[in-house]
Amino acid sequence: MFQNILDWLACPHCSSDLVLTDTKKTQDGEIIEGQLTCQACKVTFPIRNGIPRFAGHEKSDFENFGYQWNRWGQVQIDRLSNHRLSEQRLLAETDWGAEWFQDKIILDGGSGAGRFSDVAAGFGGHIIAVDISQAIDACRENLSIHGDRVHCIQASLFKLPLKKEILDGAFSLGVIQHTPEPEKVITSMVRHLKPGGKLAVNFYEKNFSTKLQPIKYALRLFTPRLRSETLLSLCRAFVRVFFPLSYTVRNIRKVRLLSHFLPICSVHNPELTKDQQRAWTLLDTFDWYGPKYELRQSHVRLGALLEELKLSDIRARPGVMQATRPLDKINRP
Ligand SMILES: [Zn+2]
């Protein structure tokens, strides 16, 4: 944890300032082990492995992501895997443009191993990467190259340990459907946007695609309850059997539709080598079956939520929405 994050941190319970009350170990200007204390309610929060930890017992619902991102931490990081898929997706789903990120304070809500935080920091942003699971440890390791431009925090998106109105931007890509209350995540992030701050959220759209994936949803009736190691063995077996088939038909348009009925999440992006496609397929298959929650959202409903929150420039389409907090203080939520 770099000390300059204290300017932005606040108690997740009462929003008061936090102070550093213990520093057991530091390294290259970073606090590795220590403790933060709320000045008002006196609740303490540990700093372990360089990360301030605010997540409570609810983090146990997300252990699959901790396992996943510590196992495949580097697979989707552009800089470490020689592709630009994370950059392309961040730009497409925020619509902010690479230049906009320069010197902005930006929240990555549900960072995982940090694929999008890495790109955003590369564009010159100051990034606050938040994840409730142990994935945040993989994120810190992957992104240490950015120094104090990236701050990693383990916390719930429902109770962000941040001061109000400090963010120029907040994005959350592929995350909210995996929480028990997706709309609450959006409301929580908006609270920390400055007037004029931008929001971008990508999510699973509620549509007919669940009917196209009968095997996935039948298996999901029990797979989220499996131990991560057991689930990995099952996913490995599926990928071993079905990846060669989906790889063979990847360029045959009509036949490719059949791959929806396979029990694997096939990834055949031509920017990736065949070995990378197999690794992404295993990762994304694990990501299908592991999450406890998969609550698909309607962009129409989420667009209405953004209006209720009095945001402006609302753009909502299936799976993606963007908005801005108005500058006019009277209109603030
Ligand atoms: Zn407090």
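This is a predicted model: local features need pLDDT of at least 70, side-chain atom pairs count only at pLDDT 80 or more; totals for chains, interfaces and linings use all residues.
At what angle do the axes of helix α1 and helix α5 cross? That view comes second below; the overall picture comes first.

View 1. Numbering starts from 1 along each chain as its sequence is written. The protein chain has twelve helices and eleven strands (helices are DSSP runs of H or I with at least four residues, strands are runs of E with at least two, and both are numbered from the N terminus). An automatic or database domain assignment gives domain 1 (1-53), domain 2 (56-205 + 297-331) and domain 3 (209-289). The C-alpha atoms fill a box of roughly 60 × 45 × 35 Å along the principal axes.

**View 2. Helix α1 alongside helix α5.** Here is the answer to the opening question: α1 (residues 63-71) and α5 (residues 135-143) cross at roughly 25 degrees, and their axes come within 7 Å. (Axes are lines fitted to C-alpha atoms, for helices over the stretch in contact, and angles run from 0 to 180 degrees between N-to-C directions.) That makes α1 roughly parallel to α5; the cut-offs are under 35 degrees for roughly parallel, over 145 for roughly antiparallel, 65 to 115 for roughly perpendicular, and oblique for the rest. On the α1 side look for F65, G66, W69 and N70, which meet A135, D137 and A138 in α5 (contact means C-beta atoms, placed from the backbone, within 7 Å). By class, this contact has four nonpolar, two polar and one charged residues. Ala, Val, Leu, Ile, Met, Phe, Trp, Tyr, Cys and Pro count as nonpolar, Asp, Glu, Lys and Arg as charged, and the others, Gly among them, as polar.

**View 3. Helix α3 against helix α4.** Helix α3 (residues 85-94) packs on helix α4 (residues 115-122) at about 80 degrees, with the axes 9 Å apart. That makes α3 roughly perpendicular to α4. S86, E87 and L90 in α3 meet R115, F116, V119 and A120 in α4. Sort these residues and you get four nonpolar, one polar and two charged.

**View 4. Where domain 2 touches domain 3.** The C-alpha centres of these two domains lie 25 Å apart. Nine residues from domain 2 and ten residues from domain 3 make up the contact. On the domain 2 side, the largest share, four residues, comes from α1. That side divides into four nonpolar, four polar and one charged.

**View 5. The four-stranded sheet.** This open sheet runs β1-β2-β3-β4 with antiparallel pairing (strands pair if DSSP finds at least two bridges between them). Its edge strands are β1 (18-27) and β4 (51-52). Two bridges join β3 (residues 44-48) to β4, and I47 stands opposite P52 in β4.

View 6. Zoom in on β9 (residues 193-202) and β11 (residues 320-324), an antiparallel pair with five bridges, where V201 stands opposite M321 in β11.

Note on methods: Two residues are in contact if their C-beta atoms, placed from the backbone, lie within 7 Å.
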